[in-house]
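Hello,

Here is the structure I promised to pass on. Have a look at it first, and then read on for what turned up when I went through the aromatic side chains.

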Amino acid sequence: MAIPLSPSVMLATAMHAQPGVYAVLLGSGVSTGAGVPTGWGIVNELVRRVAAQEGPEAEADAVADAEAWWVGRFEEQLGYSSLLQKLAPTAPTRQAILESFLEPKAGEDVEPIRPSRAHEALAQLVKRGVVRVIVTTNFDRLMEQALHAAGVEPQVISRPSAAVGMRPLAHAPATVIKLHGDYKDTDSLNTDEELALYPEAWTALLQQILDEYGLLISGWSADWDTALVGEIEKAPGRRYPMYWDSRSSRGGNAQRLLAARHGFGIDAADADALFMGLLSNLETLDRLAEPPLTTAMAVARVKRFLPDPLKRIELHDLVMDRLDLIQQAAKSQGAYNPQIAEPQVAKSCLDAYRSATEPLLPLVAAGVFHDDGTHADLWVRLLQHALNVRRSPDGAYIDAVWALQHLPAQLILFTMAAAAQASGNQRLLWRLATEPTWRSPLGRREPEPAAAVLHPVYVVDPEIVNRLPRDEGESTNTWRYPGSHYLRMVLRPILESVVDEASVAQIMDDTEYRLGLAQWLRGARHPYAGEFMLDERWLDDEPPMVEAQLLEELKHASTAEPWASVLGPAWNEPLIKYRTEVAKQWRWP
């Protein structure tokens, strides 16, 4: 037996394919998430008020069971309509009582009632153009408030007389029809007599909606509103299905209407879950329907997602999804290529990894540079995933070829570390250098931190870089520090998108030095070699410029800052030792 599709999936797919075709009918259950009581909740509170005037014992009994107390005291069944008629025989009196449930009295220290998440999600659906008609039996103005907050100005029809001159539904960006009126109006509909039959203007408008639109119902039980039930029953149109949330469609009237219109019940914990889930499903369908993002569009999204706590998942997916290209490149390049010493073959191999990684680099450069620290864990996880791309080779392998599977991770590390350096986020730079790890599947080595694994000499063989074909007019001399030169050549245009062109070289110098220092402090055998060591940046009798820069920062840093913390109070001593080790192993005479 085939498993049926979820009605929520069916509804989202239909709404996405035909925006504006579905109207929404809201009942009091939608406003409970905002703190507004349902009709029965109002009944319980009004009974308590009546009982309280007869003494504490009566009040306690009414609080325990309002219906039992009422039947025992007045010998009649308790209902919303009958109770209101007894307490408030006239419409203005009923209006005053209901207003007390929706607005705090003057002088009361009570937070005003605000739209629920259901109202806010529905307002977003209206803003998207997916929903354009909202019919509600509620007196409150929460739906209108949510629409205003979303930047939507609806036409609100709260009296039958207003339906005569309203803008046609198809021409209005949004229409809210308040069948039972507004809580500020004295002619709102509350009693059985008032709800038994709608004015002709209401019936004509409802029949148009029920004939021309599909219907999503939430928070309305169909137990009390006789006229509305009758209008739905006699509506002939079945162009589009009816959907009804399961919590409010349990009663006999609701089940009869669903069956008559071949409708579907949607499982949802409450109205908040229903509308937020629907909005999420539509956003998923949007992403599937979108053309591939250009780099500029993706960077713009990263910047937009960074400060929005509701977009954490979208930001995660936006950057993580781009690892797929890197994994495909590693699989296609493999670990064995006996022609890797040939310049054109080496260039083709490096270009394949560059092409797979470059769509991600501008995103992480902008993301790290503009991040206030909220998403640090995301950048660390991203680097860990990139490190994991390099797997155990299947069969024969060549070290220089297999090591290139870490080229994307190296580019990602240096891009993010440079962006962190540029923005002054030293804590993130330290985390990137030390927290992600990789353990070689060949041998029994312990896991090593990213800064050590992605050492410029270990990823791209220096001889391969020096043998790469040169552009016309480019110097044919070998580079002193080939891995460093290659990284700067690839990353310069990426970094220029977040910092000014004149600063890139200094930022890369500082980044190389600090990544090397981090891996040396963690016990790595070989410190970094890079263009930060070139003659003009490191005079023989003086500390290199990058060390002088760090020393200056340490003078003003608190002990909680990462470099001050790991170097200790005598931070000058380990820096001198590191400088000596770098000069001994790597610096050319």
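Two rings of Phe, Tyr or Trp count as a pair if their centres lie within 6.5 Å, with the six-membered ring used for Trp. Keep in mind that this is a predicted model.

With that cut-off, Tyr 22, Tyr 240, Tyr 243 and Phe 264 come together as one aromatic cluster. Across the whole structure, the search gives eleven aromatic pairs. One of them joins Tyr 22 and Tyr 243: the ring centres are 6.1 Å apart and the planes meet at 55°, so this pair is tilted. It also links distant parts of the chain, since Tyr 22 belongs to strand S1 (residues 22-26) and Tyr 243 to strand S6 (residues 242-245), 221 residues apart. Tyr 22 is buried, at 2% relative accessibility, and Tyr 243 is buried at 2% as well.

Another pair to look at is Trp 220 with Trp 244. Their ring centres are 5.6 Å apart and their planes are at 10°, so the pair is stacked. Trp 220 sits in the loop between strand S5 (214-218) and helix H11 (226-234), while Trp 244 is in strand S6, so the contact ties together parts that are 24 residues apart in sequence.

Key. Residues are numbered from 1 along each chain as its sequence is written. This is a predicted model: local features need pLDDT of at least 70, side-chain atom pairs count only at pLDDT 80 or more; totals for chains, interfaces and linings use all residues. Side-chain values use heavy atoms; hydrogens and water are left out. Rings of Phe, Tyr and Trp (its six-membered ring) pair if their centres lie within 6.5 Å; planes under 30 degrees apart count as stacked, over 60 as edge-to-face and the rest as tilted. Helices (H or I, at least four residues) and strands (E, at least two) are DSSP runs, numbered from the N terminus. Buried means under 20% relative accessible area, exposed over 50%, partly exposed in between (1.4 Å probe, protein chains only).
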